[in-house]
Structures are given as C-alpha cells and as structure tokens.
Amino acid sequence: MSEYQQNPGNHRETHPSKSVKSKLNGITDALNKEFDFEEIYIENKSRVFSTAYRFVGNRADAEDITQDVFVKVFKNMKTFRGDAAISTWIYRITVNACFDFLRKRKRQYMSSLEDCSEKSLVSSPLSLGKVIEGMVTRLPEAYRKVFILYDIQGLKHREIADILDITQGASKSLLHRARAKLRQELSPYVRNRHLG
Amino acid sequence: MKQCYSDEILSAYLDHDLEPEQIEEIGRHIEECSGCRSALEQITAIRDAASSLEQLEPCEKTWFEIQRRVRKGRLKRIWVWSGVGAAAAVVLVVFLVRGRPVQVPETTPAPGRRQVEAGLVQEYDDYMRGIDKAVEECKTALSENPHNPRVQRAYLEARSSQINALDVFTSGGD
C-alpha cells in the first residue's frame with residue numbers, strides 16, 4: 001500500500017497536487033504546440049511571406065514581418081477560437097503586422113523596382129506583373145489591402161471582409177477603386193506596351 | 001450612344017458584381033465604344049497580371065529565426081516559473097511511473113533578469129542544475145517505462161529546456 005493510501009490525510013505534503021499535474025500537462029501541451037506550430041508554418045509560410053512582400057516591396061523586410069507574424073501566431077495559438085479558418089486569422093495578423101511595420105518606418109515603401117516614375121515605366125522592360133507589384137506599394141492603404149488579398153492572393157470577398165473587419169460590399173468597392181487607380185497610374189506603361 | 005462608364009463600374013462588370021440588367025447594358029455599350037472596350041481590356045490585363053504573380057517562399061533562415069525567438073520567449077517564461085517547473089515535471093513523472101508519492105526536490109528559485117545580470121555564472125549554474133536533475137529523473141523513469149508517452153514527452157521537454165537554456169545563455173539572455 002502506498003504512503004498516500006496509508007495516510008490520505010497527509011497528502012497535501014507529499015502527494016503531487018493538481019497544479020503539479022497540470023504543469024506536466026502543460027509540458028506535453030507545449031510539445032504538441034511546437035509540432036502543431038511547425039505544421040502551421042509549413043502550411044502558411046508562403047501566404048504570409050508573399051503578402052508581406054507585396055505590401056512592403058522587398059524581401060528583407062518581408063522576412064522580418066514573416067518572423068513577427070509567426071512569433072505572434074505561436075504566442076496566441078491558445079487564444080485562437082477557431083471561429084474562422086486559421087489561414088484567415090493568420091492573414092489578419094499579417095496585414096496588421098505589415099501596416100505596423102510601415103507606420104514604424106513612417107514612410108511608404110518603394111518596391112524592388114525602386115523607381116516607378118512615369119519615365120521609367122515607359123521604358124521599362126519588366127512584365128506588367130512586376131510593374132504592378134511595384135505600383136501596389138503606392139496605393140492608399142485600404143485599396144492596397146484589398147487588391148493584394150483579392151487579385152494577388154486570390155481570397156474571396158467574404159474572407160477579406162472577415163480579415164479586415166469590413167463588409168463584402170466595402171471589399172468589392174475598394175477593389176474596383178484600386179484597379180481604377182492602378183490603371184490610371186499605369187497608363188504610361190499600358191500605352192507604351194499597347195496592352196489590351 | 002450612352003455616356004461612358006467609369007473604371008470602377010467596368011471593374012465591377014468584369015467581376016459580375018452588378019445587376020444582370022446593368023451587365024447587359026454595359027456589354028452592349030462596350031461593343032460600340034472603343035474607349036470603354038480599351039479601358040476594360042486594360043483592367044482585365046491588370047487583374048490577370050496580378051493574379052499570375054507567383055507565391056514566394058521565405059528563406060530557410062526565417063524558420064530558424066522564428067524558432068529561436070519562440071524558444072527565447074518560452075525560456076523567459078520558464079525562467080520565471082523554473083523554481084517549480086523542472087521539479088514539478090520530475091515529481092509527476094516519477095509519481096506516474098512508480099505509482100507512489102515522492103518528495104518535491106529542492107530547487108533554486110528562478111532568477112529574475114536583473115539577478116542574472118548581477119551574478120550571472122552562479123545563477124546559470126543553479127538553473128542548469130535544476131534542468132539536469134529533471135533530465136536524469138526522466139531518464140530513469142524512461143528506462144523503467146520506455147513506452148510511456150508522457151514520460152517520453154517529459155524527457156524530450158527536459159532535453160529541449162537544456163538546449164533552450166544554452167541558446168539564451170550563449171546569446172546573453174536577451
């Protein structure tokens with residue numbers, strides 16, 4: 001018979017308490033969390049990195065944002081309620097991280113194209129996609145968010161509405177304005193290339 | 001001919017975000033109006049070019065850096081609770097495996113960040129001793145119950161704590 005069974009009244013001193021058990025559970029949870037986290041990273045890394053890259057326009061900053069996003073994801077995994085898809089939740093963190101980053105730097109980032117002036121566009125040998133990638137970083141914040149998430153990342157307006165906490169109608173409206181703005185900005189390039 | 005449409009409307013037309021009557025009306029207008037037709041073609045080209053941009057991959061270093069930051073953050077929390085944390089793991093593993101109560105081993109209270117800066121070596125040594133003790137206890141438990149998943153996990157966690165601790169120590173605890 002164990003000591004505990006012999007003297008159940010003394011268990012407070014010698015018997016591992018519930019809090020001790022919960023601590024071991026915490027340890028195993030932590031391990032499971034690390035395994036889950038790696039899967040989440042593998043599943044979402046390109047979404048996060050691509051989105052960040054399109055927001056800030058260069059790889060180094062996109063790498064930093066990707067790190068910030070996943071560290072935040074790890075810290076907040078317990079609080080994720082599962083109301084939405086995990087990718088939606090991660091996109092929300094990503095978009096917020098991008099704009100926090102840009103606000104901290106207090107300037108709009110130019111893309112790796114560096115110079116998107118009208119003159120350079122006309123003589124640009126780059127594909128329209130690359131030119132758009134550069135011009136997107138010049139779009140107003142609200143337009144940029146929706147254009148990147150819808151036209152580049154391929155999300156649905158329903159998902160974008162969830163991520164940005166706006167209505168689907170607002171998402172559509174912002175997208176159409178973003179495209180209009182881009183056409184206006186890209187007109188020198190488009191004219192030169194005889195696109196369309 | 002009817003007045004031309006704005007880019008916003010043409011973009012909505014492209015995505016079929018309009019009422020069926022409007023779509024029909026705009027379709028008829030576009031057939032007749034080269035200006036709107038050209039604008040629509042350009043908007044289509046922009047949309048298609050954007051959607052054809054490829055997904056990019058972060059470099060491998062990013063994952064290692066994330067892991068490092070996550071572990072550092074965890075160790076900071078472990079640092080706070082380590083006075084009971086390592087001992088608790090040992091106590092419960094031994095209890096679960098041997099099925100009898102055990103005394104909680106004495107451990108050194110966890111050093112706070114400022115204390116670490118004041119007496120670095122001693123504090124680190126004490127901390128590592130606690131983790132080493134946990135590892136040894138887990139190893140014993142594991143030799144007795146090699147297939148017990150809770151013991152396996154506790155052992156892995158104890159080993160992981162050693163690595164995390166070394167990682168933080170070598171980087172100065174920042």
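Me: In this predicted model, where is Asp165(A) found, and what makes its phi worth noting?
Reply: Asp165(A) sits in the loop that joins helix H9 (157-164) to H10 of chain A, and its phi is near 60°, a positive value in a residue other than glycine.

Me: Why is Asp165(A) called exposed rather than buried?
Reply: A residue counts as exposed if 12 or fewer other C-beta atoms lie within 10 Å of its own; Asp165(A) has 8 such atoms within 10 Å, and is therefore exposed.

Me: Which residue of chain B has a positive phi although it is not a glycine, and where does it lie?
Reply: His16(B) has a positive phi of about 60°, and its place is the loop between helix H1 (7-14) and helix H2 (20-32) of chain B.

Me: How do you know whether His16(B) is buried or exposed?
Reply: The cut-off for exposed is 12 or fewer C-beta neighbours, and because His16(B) has 8 of them inside 10 Å, it counts as exposed.

Me: Why are H10(A) and H3(B) called roughly perpendicular to each other?
Reply: Helix H10 (residues 168-185) of chain A and helix H3 (residues 34-51) of chain B pack at an angle of about 105°, with their axes 10 Å apart. Angles of 65 to 115 degrees count as roughly perpendicular, and the two helices are therefore described in that way.

Me: Which residues touch the most other members of the largest nonpolar core?
Reply: That core has 57 residues, and those touching the most other members are Ala52(A), Ile132(A), Val146(A), Phe147(A), Leu149(A) and Ala178(A). Leaving aside residues up to four places away in sequence, Val146(A) touches Ile160(A), Ser171(A), Leu174(A), Leu175(A) and Ala178(A).

Me: What is the make-up of chain A, and how many of its residues count as buried, as a percentage?
Reply: Chain A has 11 helices and 0 strands, and of its 196 residues, 40% count as buried, a label that requires 20 or more other C-beta atoms within 10 Å.

Me: What is the corresponding description of chain B?
Reply: Chain B has 7 helices and 0 strands, and buried residues make up 34% of its 174 residues.

Notes: Residues are numbered from 1 along each chain as its sequence is written. Chains are lettered from A and ligands numbered from 1 in the order in which they are written. This is a predicted model: local features need pLDDT of at least 70, side-chain atom pairs count only at pLDDT 80 or more; totals for chains, interfaces and linings use all residues. Axes are lines fitted to C-alpha atoms, for helices over the stretch in contact, and angles run from 0 to 180 degrees between N-to-C directions. Helices (H or I, at least four residues) and strands (E, at least two) are DSSP runs, numbered from the N terminus. Angles under 35 degrees count as roughly parallel, over 145 as roughly antiparallel, 65 to 115 as roughly perpendicular and the rest as oblique. A nonpolar core is a set of buried Ala, Val, Leu, Ile, Met, Phe, Trp, Tyr and Cys residues joined through C-beta atoms within 7 Å. Two residues are in contact if their C-beta atoms, placed from the backbone, lie within 7 Å.
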